[in-house]
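Subject: Model for your review

Hello,

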Amino acid sequence: MTTNELWHGTTILAVRKSNKVVIAGDGQVSLGNTIIKSNARKVRRLGDGSVIGGFAGATADAFTLFERLEGKLEKYPGQLTRACVELAKDWRTDRYLRRLEAMMAVADKSVSLVLTGTGDVLEPEDGLIGIGSGGNFALSAARALIDIDGLEPEAIARKAMKIASGICVYTNENVIVESL
């Protein structure tokens, strides 16, 4: 088993509701069955601050992708979808980038997207994204909470992340949230 196969876990959740969007990420980094760090920051603002993103996967790979995406956002300002498609093209065709093991959830005021290493750029139809080891748990919880009147996106994300942390051993309750 290689070191990359031993690194586990992250839960990233994007919630879009009422003209607001948030991305939340837990802080746990695990190596095998050992918690290495509990307060990692896996969610951040990109470019001029008008885009937020979260990553799941190898940290160095994710930061490489964040840097590449910021370059695409400079080239295509205000066009998150176009920047992501251009990054996905590079990701699939560049020998170095093809080896990167990470996924990203990104959002601006108008669109939320998932980027994968296979070149996919996916926009969810319900405004919810869950990636990482606890992503499906957080996504399920968010889907259950999304239609509750008066519940803001950040509250949905925090509650869903708490639920995921109670199920996924690679997810903790130390949550960072960025919002637009």
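A salt bridge here is a side-chain nitrogen of Lys or Arg within 4 Å of a carboxyl oxygen of Asp or Glu. By that criterion Arg41, Arg45 and Glu178 are joined in a network of salt bridges. Please keep in mind that this is a predicted model.

Salt bridges

Over the whole structure, the search gives 11 salt bridges. In general, side chains of opposite charge can pair when their charged atoms come close. Three pairs are described here.

Glu86 and Arg82 form a salt bridge in which the closest N and O atoms are 3.3 Å apart. Both residues belong to helix H3 (residues 80-93) and are 4 residues apart, about one turn of the helix. Glu86 has a relative accessibility of 14%, so it counts as buried, whereas Arg82 is partly exposed at 39%.

Arg143 and Asp126 meet through their side chains in a salt bridge of 2.7 Å, N to O. Arg143 is in helix H5 (residues 135-145), while Asp126 is in the loop between strand S10 (121-122) and strand S11 (128-132), so the pair ties together parts that are 17 residues apart in sequence. Both are partly exposed: the relative accessible area is 45% for Arg143 and 32% for Asp126.

Glu173 and Lys162 make a salt bridge of 3.1 Å, N to O. This pair links distant parts of the chain, 11 residues apart, with Lys162 in helix H6 (153-165) and Glu173 in the loop between H6 and strand S12 (176-179). Glu173 is exposed, at 52% relative accessibility; Lys162 is partly exposed, at 45%.

Strand S2

How many residues of strand S2 (residues 11-17) are buried? The count is 7 of the 7, so the strand is largely enclosed by the rest of the structure. In a regular strand the side chains alternate between the two faces of the sheet. In S2, Thr11, Leu13, Val15 and Lys17 point one way, and Ile12, Ala14 and Arg16 point the other way, all of them buried.

S2 has antiparallel pairing with S11 over 5 bridges and with strand S3 (residues 20-25) over 6 bridges. Leu13 takes part in both pairings: its bridge partner in S11 is Gly130, and in S3 it stands opposite Ala24. The hairpin of S2 and S3 has 2 residues between the strands, and Ser18 in this hairpin takes a positive phi near 55°.

Regards

Definitions and conventions: Residues are numbered from 1 along each chain as its sequence is written. This is a predicted model: local features need pLDDT of at least 70, side-chain atom pairs count only at pLDDT 80 or more; totals for chains, interfaces and linings use all residues. Side-chain values use heavy atoms; hydrogens and water are left out. Buried means under 20% relative accessible area, exposed over 50%, partly exposed in between (1.4 Å probe, protein chains only). Two strands pair if DSSP finds at least two bridges between them.
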